[in-house]
Amino acid sequence: MKLAYYPGCVSKSTGKEMDTSTRAVCRALEIELEELDDWNCCGATHVSNDLVATGLAARNMAQTDLPIMTACSICYSNLRAAAMRLEEPETLERVNAVLDKKYSSAKIHHALDVILEALAEDDERIVVPLKELKVAPYYGCLLTRPTGQYSPEFPVVLEELIKNLQAEPVDFRLKTLCCGGPIFMPQEKAADDIAFRILKEAKKAGAEVIVTVCPLCHLMLDAKQKILEKKMGEKIEIPVLYVTQLVGIALGLGPDELGLEMNSVSPMAMMEKVYEKNSE
Amino acid sequence: MTGDEQFKQEVLRLAGAEVLTCIQCGTCSASCPTAHLMNPSIRKLIKLCLEGNKEEALHNETLWLCTSCLLCTVRCPRGIRPKAVVSALKDIAEREGLRSKDADYEQFFLKQIKDYGRIAELALTGEFLLVFPQGAVQSMQMGLELLPRGKIGWEIEKIKGRDEVKRIVEELREK
């Protein structure tokens, strides 16, 4: 299988391990990735003009005829929303008038659904089954919104993948609550409060690890975790992995290949437990 | 008081005519992750738009507390996109030159896209802190987390298609 890969801006900075682990897992699953030529920012959640946002996404989608994969829920949501808007002939005409390569159509995937499709339940490539590992499936908002492949109210696709890796999804009530990330710079307190609610809920649910599908969720729950602990006066100490990192561990990929040393909360204790279970 | 009809029509043009069908049920407010901090609520904000109350619809913190999570949008029983109403108001506010730290952040973001085609988080943070120095503590704390892990991008990447991106940003902007 060959896909066009849209890494997104954070792949060069705060989301490096997302990019590293995505490439490694795809390599292991024999999914060929061809980086999208001269890709631009999708606008994230900061472009208020609908048509401009649609145009930015359309330029990316017009760079290739292959299906496009991204590991970032924000990029994914923006590309999908734009593809929906571009079905309106008037929007398509206005956007194509300013594009060099014209947009006609696109198929958009999140790395999560590509992996799920490539990885069977009893796949022999799962050499380190994540036996008894309690995983909080954290969807955040934009993987399932606007409405598309997954239910925006009660998605279960992450639970499915977690079970395929032989781990146990915990009952995580706040799994689709927004992490607050989009406003964390100008509205720090509001964002911190939401992120900490999610962390506390994951702890209450007995999670040993939280899995995310978005670099902004990851930033709020992992990079900010120690800062939030100090601010709120309560320990959390739960590692937060990108879904590609979790899958990579089960595929037997090493910490370097998955960028695990880049995570703020170390997943090493959790991994040792997994390895111990496997040697029993 | 008669409302500002022109303002109302502009919101409808940007956010969709279906906004007119709002039944004020409050599902949007009930779904919003930052509703407890909003005044007016997102439901009330839509009412203000439909009443043509430009003053109150534009001058509030509600616009900037929206995280763009789209839960209101997937749930609205009338098929309205409340988040698109927020975006329309931000767009109008910017055209009218209304400034705030939040509006500045969005402007810096868009300017980076226009100039480089991509976002350079470090430069964006630096620019924002010049107008909002109160954000320095959080930025320092995060910098200390990210720096030793090699997750600060020092370089500003510029794409080849910058002229095209500039055209998208400037020419697709509905005046």
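This is a predicted model: local features need pLDDT of at least 70, side-chain atom pairs count only at pLDDT 80 or more; totals for chains, interfaces and linings use all residues.

Me: What is the phi of B:Ser68?
Reply: Most residues other than glycine have a negative phi. B:Ser68 is a residue other than glycine, yet its phi is positive. The value is near 65°.

Me: Is B:Ser68 buried or exposed?
Reply: A residue counts as buried if 20 or more other C-beta atoms lie within 10 Å of its own. B:Ser68 has 21 other C-beta atoms within 10 Å, so B:Ser68 is buried.

Me: Where is A:Glu30, and is A:Glu30 buried or exposed?
Reply: A:Glu30 is not a glycine, although its phi is positive, about 55°. Its place is in the loop between H1 and strand S2 (32–35) of chain A.

Me: Which residues does the cis peptide bond of chain B join, and where is the proline found?
Reply: Most peptide bonds are trans. The bond from B:Asn39 to B:Pro40 is cis, with an omega near 5°. B:Pro40 is found in the loop between helix H2 (27–31) and helix H3 (42–50) of chain B.

Me: What is omega for the peptide bond that joins A:Arg145 and A:Pro146?
Reply: A:Pro146 has its place in the loop between strand S5 (134–137) and helix H6 (157–164) of chain A. The bond that joins A:Arg145 to this proline is cis, and its omega is about -5°.

Me: How many helices and how many strands does the secondary structure of chain B come to?
Reply: Read from the N terminus on, the elements of chain B run α-α-α-α-α-α-α-α-α-α-α. The total for the chain is accordingly stated as 11 helices and zero strands.

Me: How far apart do the C-alpha centres of domain 1 and domain 2 of chain B lie?
Reply: The C-alpha trace of chain B spans about 55 × 35 × 30 Å along its principal axes. Its domain assignment gives domain 1 (5–95) and domain 2 (101–171). The C-alpha centres of these two domains lie apart by 27 Å.

Me: Which element gives the most to the side of domain 1 of chain A that touches domain 2 of chain A?
Reply: Chain A is divided into domain 1 (2–112) and domain 2 (122–279), and 25 residues of domain 1 of chain A are in contact with 30 residues of domain 2 of chain A. On the domain 1 side, the elements that give two or more residues are helix H1 (16–28), helix H3 (73–85) and helix H5 (111–118) of chain A. The element that gives the most, with nine residues, is H1(A).

Me: Which element gives the largest share of the side of chain A that touches chain B?
Reply: The contact takes 47 residues from chain A and 54 residues from chain B. Helix H2 (50–61), helix H4 (89–96) and helix H7 (188–204) of chain A are the elements that give two or more residues to the chain A side, a side that by class has 24 nonpolar, 13 polar and 10 charged residues. The largest share, six residues, comes from H2(A).

Me: How are H2(A) and H3(A) oriented to each other?
Reply: Two packed helices are described by the angle between their axes and the distance between the axes. H2(A) and H3(A) pack at an angle of about 100°, and their axes are 9 Å apart. Angles of 65 to 115 degrees count as roughly perpendicular. H2(A) and H3(A) are therefore, relative to each other, roughly perpendicular.

Me: How many residues of helix H10 (residues 243–250) of chain A are buried?
Reply: Among the buried residues of H10(A) are A:Val243, A:Leu246 and A:Ile249. The helix is mostly covered, and its buried residues number eight of eight.

Notes. Residues are numbered from 1 along each chain as its sequence is written. Chains are lettered from A and ligands numbered from 1 in the order in which they are written. Domain bounds come from an automatic or database domain assignment. Two residues are in contact if their C-beta atoms, placed from the backbone, lie within 7 Å. Helices (H or I, at least four residues) and strands (E, at least two) are DSSP runs, numbered from the N terminus. A residue is buried if 20 or more other C-beta atoms lie within 10 Å of its own, exposed if 12 or fewer, and partly exposed in between; C-beta atoms are placed from the backbone. Ala, Val, Leu, Ile, Met, Phe, Trp, Tyr, Cys and Pro count as nonpolar, Asp, Glu, Lys and Arg as charged, and the others, Gly among them, as polar. Axes are lines fitted to C-alpha atoms, for helices over the stretch in contact, and angles run from 0 to 180 degrees between N-to-C directions. Angles under 35 degrees count as roughly parallel, over 145 as roughly antiparallel, 65 to 115 as roughly perpendicular and the rest as oblique.
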